Amino acid sequence: MNKKEIIEKIVSKIDESKNEIIKFLQEIIRIPSITGQEKDIQEFIASQLKEWGINYDMWIINENELLKSPLAEKPKIPYKNRPMLTGIVKGAGGGKSLLFNGHVDVIPPGPKESWKYDPFEAVVEEDYLYGRGASDMKSGIAAYTMAVKLILDAGFKPKGDIYMHYVIDEEYTSNGTLAALLRGYKADGAINAEASDMEIQPAVSGSMWFTVEVKGKTASMSRIWKGVNAIEQAYKVYEAVKKLYEIRIKEKKHPLYPDPKGVLALFIGILNAGTYPSAIPDKAVLKGRMGLLPGETIESAFNELKDFILNYSKTDPWLRFNPPIIRQEGYAGEGAEISVQHPVVQSLINSYRAALNMDPIIKGHEGATDMRILMKMGVPTVCFGPGTITQMHAYNERVKVSDVIRATKVMATMIVEWCGCEYVK
């Protein structure tokens, strides 16, 4: 059986198994695996792998050992009762290994009344499946899990090894992916199956959080002209950040981000000031987020932000003598990219064409993903998955059912293209 015939047989098997694929996605969405509560979903997926005859490894992260890596981050929630999971399919030999990477944790759904349907009911309406994690990123997990399962069901065995990461803690850190890689679950190439709008994305952006403290001067409520309201001074910093964003989207260029407005999102998300309604606040604290293009370092981006705010402050009669204090605090992840000409990217492009009979869109991912850790650990990686970034962390989060099926076809074809397959039944 030649490669074309193998792909046709597997794609046909996936078409016959649409209900099974969506049923599996519904089952994992119905498990509310909010970060810190991943145990139930990991045990469910492990039970399915066992039922299907797929080997797996489940373990608890050793925090002390993990923190020896310079890429590790101090966890916000202890790892006790939060197992990691990797599915393992050993190849017949003679093919390249392939890794699928995805996280099982989701953010809290927020108030139920903000949702059209219960966020953990996984309702299908026409071509959409609703639920927390539908786009971010249980649809990606369902696609690669079922791609592997259905290839085996169709009677094929990959020549190269396949690993399926099911990692925890991604919404807070990248420690889950790092832990799986340090345990040895690496490959010749990888797909980070985050929501990509079905685009092939050889680059992901970076993200950095920052804090700015602004000083004011308190005064009696009957002598307010003697005070300096820290909220007013904080607004000046807000304006400076807004101006820097406008400058960056005009000046920063990257071929995979022709319109950088989304990837470079720079804004203030939190402003705290004051302790009493009838007292002038003498301190304000602003917290914000800065998007980075691939190639920008945390240090260079932070220095650009800091210098701009301080230089802007020099034009103000109060701030020039009371300059804001600016710190990088919280999340700090740089972007990552791989050449479009890299074999893993080209193989995915070829797989997309073979599976769907159309050319893919090739762009950059407007968000930070664990692709950066995979690349730093020496695994050539490309981002591709069903779902859309516009639905990530949103109320009424949803994914197109048809995209889940299409992604499953592409991922299964990638196994044939990258690993090679032989018919064993």
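Predicted model: local features only at pLDDT ≥ 70, side-chain atom pairs only at ≥ 80, totals over all residues.
Met137 belongs to helix H5, and the peptide bond that links Asp136 to Met137 is cis, with an omega of about -15°. Asp169 sits in the loop that runs between strand S7 (162–166) and helix H6 (175–182).

Helix H1 (residues 3–16) and helix H11 (residues 401–419) have axes that come within 10 Å and cross at roughly 150°. Angles over 145 degrees count as roughly antiparallel, and therefore H1 is roughly antiparallel to H11. The crossing of H1 past H11 is right-handed. On the H1 side, the contact is made by Lys3, Ile6, Ile7, Ile10, Val11, Ile14 and Asp15, while H11 brings Ile405, Thr408, Lys409, Ala412, Thr413, Val416 and Glu417. Sorted by class, the residues in this contact of H1 with H11 are eight nonpolar, two polar and four charged.

Rolling a probe the size of a water molecule over the atoms shows where empty space is left. The largest pocket has a volume of about 980 Å³. Its lining counts 38 residues, and the closest to the pocket centre are Glu171, Ser207, Trp209, Tyr331 and His393. Strands S10 (206–215), S11 (266–273), S12 (283–292) and S13 (325–333) are the elements that each give two or more residues to this lining. S10 supplies the largest share, with four residues. In the lining of the largest pocket, 14 residues are nonpolar, 14 are polar and ten are charged.

The second largest pocket has a volume of about 180 Å³. Of the 13 residues that line the second largest pocket, Gly53, Ile54, Val89, Leu152 and Lys157 lie nearest its centre. Two or more lining residues come from each of strand S2 (84–89), helix H5 (134–153) and strand S6 (156–158). H5, the helix that holds Met137, gives the largest share of this lining, three residues. By class, the lining of the second largest pocket divides into seven nonpolar, two polar and four charged residues.

Methods: Residues numbered from 1 in each chain as written. Heavy atoms only, no water. Axes fitted to C-alpha atoms, helices over the stretch in contact; angles between N-to-C directions. Parallel < 35°, antiparallel > 145°, perpendicular 65-115°, else oblique. Left-handed = near helix turned anticlockwise from the far one by under 90°. Contact = heavy atoms within 4.5 Å. Nonpolar A, V, L, I, M, F, W, Y, C, P; charged D, E, K, R; others polar. 1 Å grid on protein atoms, 1.4 Å probe; cavity = no way out; pocket = protein on both sides within 12 Å on 5 of 7 lines; lining within 4 Å. Points joined across faces, edges and corners; volume = space filled by probe spheres on them.
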